[in-house]
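User: I am new to reading structures. Please walk me through one.

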Amino acid sequence: MTDQKAYAVDDPTVIRLGRFLRNAPLKNGTPAQVPAGISELLAQAVCNYTQNLVWDHEGQRYVELQKWESLPDLEDVAVETIGDNEAVRMIHRGTGLSVLGEDYDDAWKQLREKVAAHA
């Protein structure tokens, strides 16, 4: 967890940046054309990123960018089913850490925790 306060989607800075992002002038001569609603969510992510905070969907909270970056992405993981769906083994290619879970969700949770603790 972090001590920093994350920007809320209704923060004036987020709203102002969201308004800008809707039609931000791009180098190729066209406007960005980001839909309202999405532009505010994107602005919130950018504002929080500048404070080294990102939203961790699984944990449903803001975490420090470094912690989030250390968590495995599914592309970094080898997954194999053992037996007739008796267990799931996951191996994080970057660290070589592996886990054995009762099912996919259990293995994924264990692997993320193990890799985060290793970082």
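User: What do the buried residues of α1 pack against?

Analyst: This is a predicted model, where local features need pLDDT of at least 70, side-chain atom pairs count only at pLDDT 80 or more, and totals for chains, interfaces and linings use all residues. Residues are numbered from 1 along each chain as its sequence is written, and side-chain values use heavy atoms, with hydrogens and water left out. Contact means heavy atoms within 4.5 Å. Here, the buried residues of α1 pack against α2 (38–49).

User: Which residues of α1 are buried?

Analyst: Buried means under 20% relative accessible area, exposed over 50%, partly exposed in between (1.4 Å probe, protein chains only). In α1 (residues 12–22), the buried ones are Val 14, Gly 18 and Leu 21. They line one face of the helix, because they fall within an arc of 65° seen down its axis. That arc is taken from the directions from the helix axis to the C-beta atoms.

User: Which exposed residues does the face turned away carry?

Analyst: Pro 12, Arg 16 and Arg 19 are exposed there, on the face of α1 turned away from its buried side.

User: How many helices and strands does the protein have?

Analyst: Helices (H or I, at least four residues) and strands (E, at least two) are DSSP runs, numbered from the N terminus. The protein has 4 helices and 5 strands. Along the sequence they run α-α-β-β-α-β-β-β-α.

User: What share of the residues is buried?

Analyst: Buried residues are 27% of the 119 in the protein. The C-alpha atoms fill a box of roughly 55 × 35 × 20 Å along the principal axes.
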